[in-house]
Amino acid sequence: MGKYYSSEKNVQMLIALMKASNVRKVVVSPGATNVCFVGSIQNDSYFTLYSCVDERSAAYMACGLAAESGEPVALSCTGATASRNYYPALTEAYYRGLPVLAITSSQHSGRIGSYTPQVTDRVVLPNDVVVCSVQAEIPVTSEDEWAVNVSLNRALIALRKNGGGPVHINLITGYSKDFSIKTLPSTRVIRHIGYHNALPKLKKGRVGVYVGAHEKWNESLTSAINSFCKAYGAVVLCDHASNYKGEFKVEPSLVCSQTQYDSPCRTMDVMIYIGYVTGAQMGMKPNEVWRVNPDGIIRDHMHKTTYVFQMEEEDFFKAYERMGRNTVEEGSTTTVMLEQLDGIEPDNENGLSINNDKTPTLQETYLEQWQRECNHIAKKVPELPFSNAWLAQQTSSKLPEGSVLHLGILNSLRTWNLFEIPDNVCSYSNTGGFGIDGDVSSLLGASLAHPNTLYFGVVGDLAFFYDMNVLGNRFFGKNVRLLLVNNGRGTEFRNYMHLAARFGEDADPYMAAAGHFGRQSRELVKHYAQDLGFEYMTASGKDEYLMNLPRFLTNQITDKPMLFEVFTDSANESQVLEILYNLEVNTKGAAKHAVKRIIGEKGVTALKSIIKR
Ligand SMILES: Cc1ncc(C[n+]2csc(CCOP(=O)(O)OP(=O)(O)O)c2C)c(N)n1
Ligand SMILES: [Mg+2]
């Protein structure tokens, strides 16, 4: 029998990450549940092991050793009551900021509460024993593996972050008897960078700053990011809720929504992610993601995070701009792009030769590439059938200067993101929780902050009726204008690309919740709104809409808030999206689309993992 690492993947990943994080001292207490872990480290010369039967004492030993050596010290114990005895010393470590890593081994979490011998619940801990506690299951799927990787990275970072402190990892075991693994897997290390750490070098290459939902920008942040973009040839990738208005802005929603066109611009070396949850799924393909946020927390929805910078955005961009000025020589933006283009074959596949507007040149910057793509595809948008998208097409660019736009979840946000809004209009959406329950209330709340600014909202009927009581709130001001797109259901679930769309009309009764709220009654909202003191307008077709639009968009604050109810048809809504998502085709995009249609998303994921192997 080999005496190498356990075949349990979570054990291997933990050991690899402990090594990457310089955690080498481990105080071990005896037991069966931690055999896979202990058996794996005791023959690895990187680790120094100490033994102590009494877990209470072991944990105090770790405190003393951590304080004296200045290094993190790990603990390992088995099931039963073993881990309970860590509490006194972990409490001590908590109030002294000592980096003690308590690794408590445990059986399958599903056995908790079933009288399975030796299984205790370690999911909830007292507030003041650790600064971070994670469960590390044995991964089965690649998503499990990603989740374990993120949890372990979070735990190891927490040992030193914000002054450091004790951390808990509950390591699940299946008692594998296989200790034959000679090499640890390469598991991603996520580094935490605070103000006191040296900044890693940002190599030359394609750099995109992706801005999730973001509060209004001040001038100094905009100028810091602009200087950064100049130094690195970077672009700022936005949707409406990003609110960046500078010269490096790219709004790629339309390009990235193309189902048969795989834009080569989406590939980049480093994506710097700032802001909060994005409502735009753009399918970017970064090699690495660097997250910058004062919270310093790993938020890894793209599965590519390699660094988390716990700092203000402005400090990050200023620091890197200074580094870039020193290391990126004059004209290097061109050099970077030349390197990029060198690797691209001159055919339709890469999307470079499909452009009729402007022939791509080798000097083209990343920003110019994006702009060419965006302009090219935007020009292909035809006059659309009457729908939410048509409303956006007719309205978004005409929003009055300095006004604010609130977009409902999900369909309205997604649709309006396909059309540009003026640079002096800020936009928000409830992408924190993606609820349809408070779109109108949030709009009202926002409008209270600046009574002399116009606040526009676009919401669907389900979102409207959910939150309709707020229209009666006596604080509702005349600076609010609501566009209600009433299609009689959650048309989201009737859109052709939605999972529910395969049910056709059968999606209506329960998934799309059709048939409620007066079934697109022409009177219901009208009376309600008028009785509450709103100016009410309505349209069921293009001419009617365009006739009312100037009034709805008047840049004067009128004597009443406005409600513009537009009745659209669910079939049109879907058809329009199909048009908008199929404006452009390239070989790679069409092939991917065809494969997806035949084998489905699941099949594509399975295929990718086979190809990777
Ligand atoms: C509180 C809450 N419940 C359920 C959902 C799921 N959901 C997402 S979009 C949507 C339909 C919204 O319909 P509507 O407001 O009419 O917009 P449409 O899709 O028709 O444009 C629902 C129910 C949610 N996001 N929030
Ligand atoms: Mg609706």
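Modeller: The labels are taken in turn below, and the model they describe is predicted.

Colleague: Why is Asn243 called partly exposed?

Modeller: Asn243 has 18 C-beta neighbours inside 10 Å. A buried residue needs 20 or more and an exposed one has 12 or fewer, so Asn243 counts as partly exposed. The residue lies in the loop between β9 (235-237) and β10 (249-250).

Colleague: Where is Phe517, and why is Phe517 called partly exposed?

Modeller: Phe517 lies in the loop between β17 (480-486) and α15 (524-531). The count is 19 C-beta neighbours inside 10 Å.

Colleague: How do you know that the peptide bond between Ile409 and Leu410 is cis or trans?

Modeller: Omega is about -15° there, and the bond joining Ile409 and Leu410 is cis. Most peptide bonds are trans. Leu410 is placed in the loop between β14 (404-407) and α12.

Colleague: What puts the buried residues of α17 on the same side?

Modeller: In α17 (residues 570-580), the buried residues are Ser570, Glu573, Val576, Leu577 and Leu580. They cover an arc of only 125° around the axis, which puts them on the same side of α17. The cover over these buried residues includes α11 (388-395).

Colleague: Which residues have the most contacts inside the largest nonpolar core?

Modeller: They are Val209, Phe228, Val235, Val236, Ile272, Leu483 and Leu484, in a core of 97 residues. Helix α6 (residues 219-232) gives the largest share, 7 residues. At least three residues come from each of domain 2 (207-378) and domain 3 (388-577). Apart from this core lies another, of 52 residues, including Val11, Met13, Val26 and Ile157.

Colleague: What surrounds ligand 1, and which helix gives the most to the shell?

Modeller: The shell has 18 residues, and the closest are Asn411, Gly460, Leu462, Gly490 and Glu492. Helix α14 gives the most, with 3 residues. Both α12 (411-416) and α14 (461-466) supply at least two residues each.

Note on methods: Residues numbered from 1 in each chain as written. Chains lettered and ligands numbered in written order. Predicted model: local features only at pLDDT ≥ 70, side-chain atom pairs only at ≥ 80, totals over all residues. Near = placed C-beta within 6 Å. Helix = DSSP H or I, 4+ residues; strand = E, 2+ residues; numbered from the N terminus. Arc of directions from axis to C-beta. Contact = placed C-beta atoms within 7 Å. Core = buried A, V, L, I, M, F, W, Y, C linked by C-beta atoms within 7 Å. Domains from an automatic or database assignment.
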